[in-house]
Amino acid sequence: ILTLRQLLSNEKARILHVIKTEKPHSIYELAKKLGRGFKSVNDDVKLLERFGFIELIEGKTKNRKTYQPVVVVDYITIHLYT
């Protein structure tokens, strides 16, 4: 339940919205658009990637690798059973 709560936070929804609507070219650019630190955004992005909400497309800028986050789901359905 804790992981589900972390995954469904308002901040993660905001990240998905910004990725979908503003299409940042890197995690660094995403962090700037969100007004948050790179490390915390990177941690959130990795969690979203692990659960299949986004993919990171590898690219290159000068001599550095970049990873462009891309939303790969249109909707989610959650079934809770008791």
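**Helix packing and ring contacts**

The contact joins Glu-11, Arg-14, Ile-15, Val-18, Ile-19 and Glu-22 of α2 to Leu-30, Lys-33 and Leu-34 of α3, contact meaning heavy atoms within 4.5 Å. By class I noted five nonpolar, no polar and four charged residues in this contact (Ala, Val, Leu, Ile, Met, Phe, Trp, Tyr, Cys and Pro count as nonpolar, Asp, Glu, Lys and Arg as charged, and the others, Gly among them, as polar).

I recorded the source conventions next: this is a predicted model in which local features need pLDDT of at least 70 and side-chain atom pairs pLDDT 80 or more, while totals for chains, interfaces and linings use all residues. Residues are numbered from 1 along each chain as its sequence is written, and side-chain values use heavy atoms, with hydrogens and water left out.

I then read the geometry of the pair: α2 and α3 (residues 27-34) pack at about 115°, their axes 11 Å apart. Axes are lines fitted to C-alpha atoms, for helices over the stretch in contact, and angles run from 0 to 180 degrees between N-to-C directions. The two helices, α2 and α3, are therefore roughly perpendicular (65 to 115 degrees; under 35 is roughly parallel, over 145 roughly antiparallel, the rest oblique).

I turned to α2 (residues 10-22) and α4 (residues 38-50), whose axes come within 11 Å and cross at roughly 80°. Here Glu-11, Lys-12, Ile-15 and Leu-16 of α2 touch Asp-44, Val-45, Leu-47 and Leu-48 of α4. That contact has five nonpolar, no polar and three charged residues.

For α3 and α4 I found an angle of about 115° and axes 9 Å apart, in a right-handed crossing. Ile-27, Tyr-28, Leu-30, Ala-31 and Leu-34 of α3 meet Phe-38, Val-41, Asn-42 and Val-45 of α4. I counted eight nonpolar, one polar and no charged residues there.

I checked the whole chain: it has four helices and two strands, in the order α-α-α-α-β-β from the N terminus (DSSP runs, H or I of at least four residues for helices, E of at least two for strands, numbered from the N terminus).

Last, I noted that the charged end of Lys-46 sits over the ring of Tyr-67, 5.9 Å from its centre (NZ of Lys or CZ of Arg within 6 Å of the ring centre and within 35 degrees of the ring normal).

Technical notes:
A crossing is left-handed if the near helix is turned anticlockwise from the far one by less than a right angle, and right-handed if clockwise.
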